Amino acid sequence: MATDHAGDNDSFVDSVMENKLHGAHDSSSEDEKKVKQSPVVDAVKAKIYRLFGRERPLHKVLGGGKPADIFLWRDKKVTVGVLGFATVIWALFELLEYHLLTLVCHILIVALAVLFLWSNASAFINTAPPQIPEVVLHKDIVHGVASALRIEINRALEILRDIASGKDLKKFLVVIVGLWVVSILGNIWNFLTLFYIVFVLLHTVPVLYEKYEDKFDAFAEKAEAEIKKHYAVFDANVLSKIPRGPLKGKKLE
């Protein structure tokens, strides 16, 4: 009986060890499959066309955080509030023909009158006077804004210098066409209306693109292929025959 019991224990131990070996083999084979599949998945993702060649999600491209949430309608109340406020401002200036200086003065008149009357009437009606916060603009904030603005202005000047130097004809033509289109739009609408249209587009186009991303990217891929094909013909027949500027091929110090 003792011998049979020992034999049963040995067979039980052997079966447990065999199951562990099979489990380890299965897990290792699954890991190998994942390792083999990961380059394939990466290759497939790399072949998917994304607008402007982006590799990050649209939320990250827009900077992430609260601004991206507003652009992509993640916080609908804030987005609706921002668009509503912009619409009211546009209607005041464009439809009602209000002037900025007049509007600012009227707002200050109403605000100061209400606060002044409230402060003096609080002693008679036994209420607390208004708590007017002390607003102080720290020099660190001013220096930070000025520094960021200086960097962006220098970058824009460098781009304009690079375009005007004649080194990149393609970039030059893109900028010229872009400025020409903006001049036409500026002739149709005034600056405020044009700014309002751009503002509304910034709060509608990104969320529509995120919702129909695959369709937009497929259409953009075809459009880019057509543009490149026509540009290659235009470059071979026209652009390649135009002499370049004296700074071509030289590095700017």
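View 1. Isoleucine 188 is part of helix 7, which spans residues 169-188; helices (H or I, at least four residues) are DSSP runs numbered from the N terminus. The model is predicted: local features need pLDDT of at least 70 and side-chain atom pairs count only at pLDDT 80 or more, while totals for chains, interfaces and linings use all residues. Residues are numbered from 1 along each chain as its sequence is written, and side-chain values use heavy atoms, with hydrogens and water left out. Isoleucine 188 counts as exposed because its relative accessibility is 55%; buried means under 20% relative accessible area, exposed over 50%, and partly exposed in between (1.4 Å probe, protein chains only). Together with Val177, Trp180, Val181, Ile184 and Trp189, Ile188 forms a nonpolar patch on the surface with about 580 Å² of accessible area. Patches are made of residues with over 30% relative accessible area and no salt bridge, nonpolar side chains (Val, Leu, Ile, Met, Phe, Trp, Tyr) being joined within 5 Å and like charges within 9 Å. The areas come from the Shrake-Rupley method with a 1.4 Å probe; for residues, only the protein chains shown count as cover.

View 2. Helix 8 covers residues 191-202, 12 residues in total, and reaches 16 Å from its first C-alpha to its last. This is close to the 16 Å expected at 1.5 Å a residue, where the expected span is 1.5 Å times one less than the number of residues. Thr193, Leu194 and Tyr196 are the buried residues of helix 8. Seen down the helix axis, these residues fall within an arc of 160°, so they line one face of helix 8; the arc is that of the directions from the axis to the C-beta atoms. Their cover includes helix 4 (76-95) and helix 7.

**View 3. Serine 122 in a loop.** Serine 122 lies between helix 5 (100-121) and helix 6 (139-164). With a relative accessible area of 7%, serine 122 is buried. Leaving aside residues up to four places away in sequence, serine 122 touches Thr127, Ala128 and Pro129; contact means heavy atoms within 4.5 Å.

**View 4. Salt bridges.** Side chains of opposite charge can pair when their charged atoms come close. The whole structure holds six salt bridges, each defined as a side-chain nitrogen of Lys or Arg within 4 Å of a carboxyl oxygen of Asp or Glu. In one of them, arginine 74 meets glutamate 210 at 2.5 Å, N to O. This pair links distant parts of the chain, 136 residues apart: arginine 74 is in the loop between helix 3 (65-71) and helix 4, and glutamate 210 is in helix 9 (residues 205-211). Arginine 74 is partly exposed at 46% relative accessibility, and glutamate 210 is partly exposed at 28%. Another bridge joins lysine 171 to aspartate 162, with the closest N and O atoms 3.6 Å apart. Here lysine 171 is partly exposed at 35%, whereas aspartate 162 is buried at 17%.

**View 5. Two residues with positive phi.** Most residues other than glycine have a negative phi. Tryptophan 73, in the loop between helix 3 and helix 4, has a positive phi near 60°. Glutamate 97, in the loop between helix 4 and helix 5, has a positive phi of about 55°. Tryptophan 73 is partly exposed, with a relative accessible area of 27%, and glutamate 97 is exposed, with 61%.
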